[in-house]
Amino acid sequence: MKGITIWMLGLALSWSVSLKAQTDIKMDQFISDLMGMMTVEEKIGQLNLVTGGEAVTGSVVSTGVEAKIKAGEIGGIFSMSSPARIRAAQELAVKHSRLGIPIIFGMDVIHGYKTMFPIPLGLAATWDMDLIRESARIAAVEASADGLNWTFSPMVDISRDPRWGRISEGSGEDTYLSSRIAAEMVKGYQGDNLAANNTLMACVKHFALYGAAEAGRDYHTTDMSLHRMYNEYFPPYKAALDAGAGTVMTSFNDINGVPATANRWLMTDVLREQWGFKGMVVTDYTAINELVEHGLGDLQTVSALALKAGVHMDMVGEGYLTTLKKSLEEGKVTQVDIDEACRLVLETKYKLGLFDDPFRYCDEERAKTDILTTAHLAKAREIAGKSFVLLKNENNTLPLKKEGTLALIGPLANTGSNMPGTWSVSADLENTPSLLEGMQDALGDKVNIVQHLGANLLSDAAYQERATMFGRTIPRDDRPEAEIIAEALQVAESADVIVAALGESSEMSGESSSRTDLDIPDTQKRLLEALLKTGKPVVLVLFAGRPLTLTWEHEHVPAILNVWFGGTETGKAVADVLFGDVNPSGKLPATFPQNVGQIPLYYSSKNTGRPLADGAWFEKFRSNYLDVTNEPLYPFGYGLSYTTYTYSNIQLDKTNMKADEKITATVTVTNSGNYDGEEVVQLYIRDLVGSVTRPVKELKGFQKISLKKGESQNVFFEIGVEDLKFYNDALEFVAEPGDFKLFIGTNSSDVKEADFSLL
Ligand code: BGC
């Protein structure tokens, strides 16, 4: 029986393999035939990606798009939406260009399309892989209903520098967590069938190391050892590709002297030869042109360099369109280089089913029925509630009672447009409920909400203007700060409790929004100080696109709920959590430092040769600072709940493990408080002795469990040799025999530990 099953399985496998091979052969044949009819100009035209102008992130905007489509000079358009606009552009390509090759339509669908989910850093804080995948699935359903078939997501750049505004767009500091999320996002976008009319092709970005920009300044230089690249920064990109991501975007930065967009080692040796990627590589916005500024030569030279490096599609800059033919004639690139790039662009379109039906994503009906549905909004509210991280809750200040008078104060209390966060270009910001509206919706007249807004306390006007990216502004008034604060205090007077909605505006993080001071803006701090002086309980609802420095707030404010930017349903979701309908369960995907000087600060650092003793602060000739401890304010993986969890000691089923064996580690987690809740149980490992230095802890697993109050659950983790592997000095992926420590706990600092050995 068993033999038969295996035989049948084998047959099924060989059928599916041969089916795949047949599909590939069919595709190859189709594309070869098509390319046989194409002129050099038409082939180069396929490599040109232009913008439809809905979200502009650079100084150049595409022009003459209509004429270029007809001339066969455009392969793709991004930042254009709606079935009508896309159908019109597609018709030009299909009916009015010589060969009728369809266009691919892309967009930055980063954390939702019209139904916005939390910013990616917030999504990561849910540690909930199913929900993260579902958010990407919903984003794909909505975006494809609006005509799109390609998203520039997931962004998987590891960042350990919260000065960098784009830390908001990734999954934080950790390699393992980011890799898991990268794979789920790709599965959510692409589904099982790329040619279905409700899936998007994913584009993993920004390859590579964009999040390691020096000093956290956007677009800045990156210089990194191979050891760190392979062990810490590369795995999330690879995980997205292993999950099937169809395309890759280059990053703006240079890497050890060679900009990514011209980096043949990166784009060909690593990406194609080592990792076996077979899809198309697109540049970031005008990244080829920027190679001129990097100092690699004129536009013709750099365009040739990018093509030769293994970059196939040129976003906005038109270096390929305007110079490749000349370079071909001058022998600077070959016909093979151009053909290879053209083939990969055409394959992308083929896989999306565009040659079968170029209008498959232009369904006006779906645009009416599949966007902002009740189910999507409910999911957005659920996910937002799970992304919030309770940072402090002294004397159970939270949850609040649904009674009495509540003062809602602060510049972020009634700004709906500010709720979704960075990359919400496709969202209907005007109609996004604010925190005030969300609260009113949840509370009806059970609570008397008195409000005071004070929009110009957000930060000074010039700062806000610099931060504005997609033309979003927060209304300001011109009264002096003292007057505004006095009015806020008057409002607070009548209240039983004060909810202060403070922090960053959504545009203070994201692209081109690096900061060197990570405190909440001074004006808001002064307001907060005044509110605290009233002696009433103050809850800080903190909006942030990055880890902020909250040392002062932690000392003085009784309750702090970090809500990132939670998407369309932020207002309602915050009310759910503040009033205890949802028990917070988010955990930080990035360390919150005590001050900016500690950056980069991350839990998985190396021990050094002069480590500080556990719990010690300063010791001469040890690795530490004179003025601050080495500890973060809030460690990676941290987040409180309205209930409490206790962890038993760790049980190991064995303490010696052979390479082909597994160890099972078990802890019993008990909900020892007064609320039902969810807990993220985290597993970390430390390799105590290695041929290279190893981190003091590395996340290797986690489980999110639900526990009713009083309930206990045994949580099991299986550890195999794969979990112990790393890239050694020769860049071989190995596990080295020796002693290990295993930690399980509620965050990266607060853990139980056990020892085992790999034989
Ligand atoms: C960003 C990318 C984005 C692209 C297209 C660039 O400025 O770096 O992340 O996908 O613009 O909008």
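Leu731 is found in the loop between strand E24 (726–727) and strand E25 (733–734). Helices (H or I, at least four residues) and strands (E, at least two) are DSSP runs, numbered from the N terminus. Leu731 is not a glycine, yet its phi is positive, about 60 degrees. With a relative accessible area of 27%, Leu731 is partly exposed. Here buried means under 20% relative accessible area, exposed over 50%, and partly exposed in between (1.4 Å probe, protein chains only).

The model is predicted: local features need pLDDT of at least 70, side-chain atom pairs count only at pLDDT 80 or more, and totals for chains, interfaces and linings use all residues. Residues are numbered from 1 along each chain as its sequence is written, and side-chain values use heavy atoms, with hydrogens and water left out.

**Other backbone features**

Val316 also has a positive phi, about 70 degrees, although it is not a glycine. Val316 sits in the loop between strand E10 (314–315) and H13. At 3% relative accessibility, Val316 counts as buried.

Two cis peptide bonds can be described. One joins Ser153 and Pro154, with omega about 10 degrees. Pro154 lies in the loop between strand E4 (150–151) and helix H7 (175–190). Another joins Lys205 and His206, with omega about -5 degrees. His206 belongs to strand E5 (residues 203–207).

**The ligand**

The ligand is surrounded by 14 residues, and His206 is among the closest, with Thr57, Asp108, Arg166 and Asp284. A residue counts as near if one of its heavy atoms lies within 4 Å of the molecule. By class, this shell has seven nonpolar, two polar and five charged residues. Ala, Val, Leu, Ile, Met, Phe, Trp, Tyr, Cys and Pro count as nonpolar, Asp, Glu, Lys and Arg as charged, and the others, Gly among them, as polar.

| Residue | Distance to a ligand oxygen atom |
|---|---|
| Arg166 | 2.7 Å |
| Lys205 | 2.8 Å |
| Glu511 | 2.9 Å |

Taken alone, the ligand exposes 310 Å², and the protein buries 100% of that. Accessible areas come from the Shrake-Rupley method with a 1.4 Å probe; for residues, only the protein chains shown count as cover.

**Two loop residues**

Ser514 lies in the loop between E14 and helix H20 (522–533). At 32% relative accessibility, Ser514 counts as partly exposed. A polar atom of its side chain lies 2.7 Å from the backbone oxygen of Gly216. The backbone nitrogen of Asp218 lies 3.2 Å from a polar atom of the Ser514 side chain. Not counting residues up to four places away in sequence, Ser514 touches Arg163, Trp164, Gly165, Gly216, Arg217, Asp218 and Arg546. Contact means heavy atoms within 4.5 Å.

Asn747 lies in the loop between strand E26 (738–745) and strand E27 (751–758). At 6% relative accessibility, Asn747 counts as buried. Its side chain reaches the backbone nitrogen of Asp750 at 2.8 Å. The backbone nitrogen of Ser749 lies 2.7 Å from a polar atom of the Asn747 side chain. Leaving aside neighbours within four places in sequence, Asn747 contacts residues including Phe636, Tyr638 and Tyr684.

UniProt lists residues 679–748 as "domain: Fibronectin type III-like", in an unreviewed entry. UniProt positions are given in the numbering used here, feature names are shortened, and annotations may be inferred rather than shown by experiment. The span is 0% helix and 56% strand, and its end C-alpha atoms lie 14 Å apart.

Nine of the nine residues of helix H22 (residues 570–578) are buried, so H22 is largely enclosed by the rest of the structure. Its cover includes helix H16 (374–387), helix H17 (435–443), strand E14 (497–503), strand E15 (538–543) and strand E16 (559–562). Just after H22, Gly580 takes a positive phi of about 80 degrees.

In helix H12 (residues 299–309), the buried residues are Gln300, Val302, Ser303, Ala304, Ala306, Leu307 and Ala309. They pack against helix H10 (264–274), helix H11 (290–294), helix H13 (319–329) and helix H14 (335–351). Gly310 follows H12, and its phi is positive, near 115 degrees.

Conventions
Polar contact = N/O pair within 3.5 Å; in protein donor to acceptor, adjacent residues only side chain to side chain.
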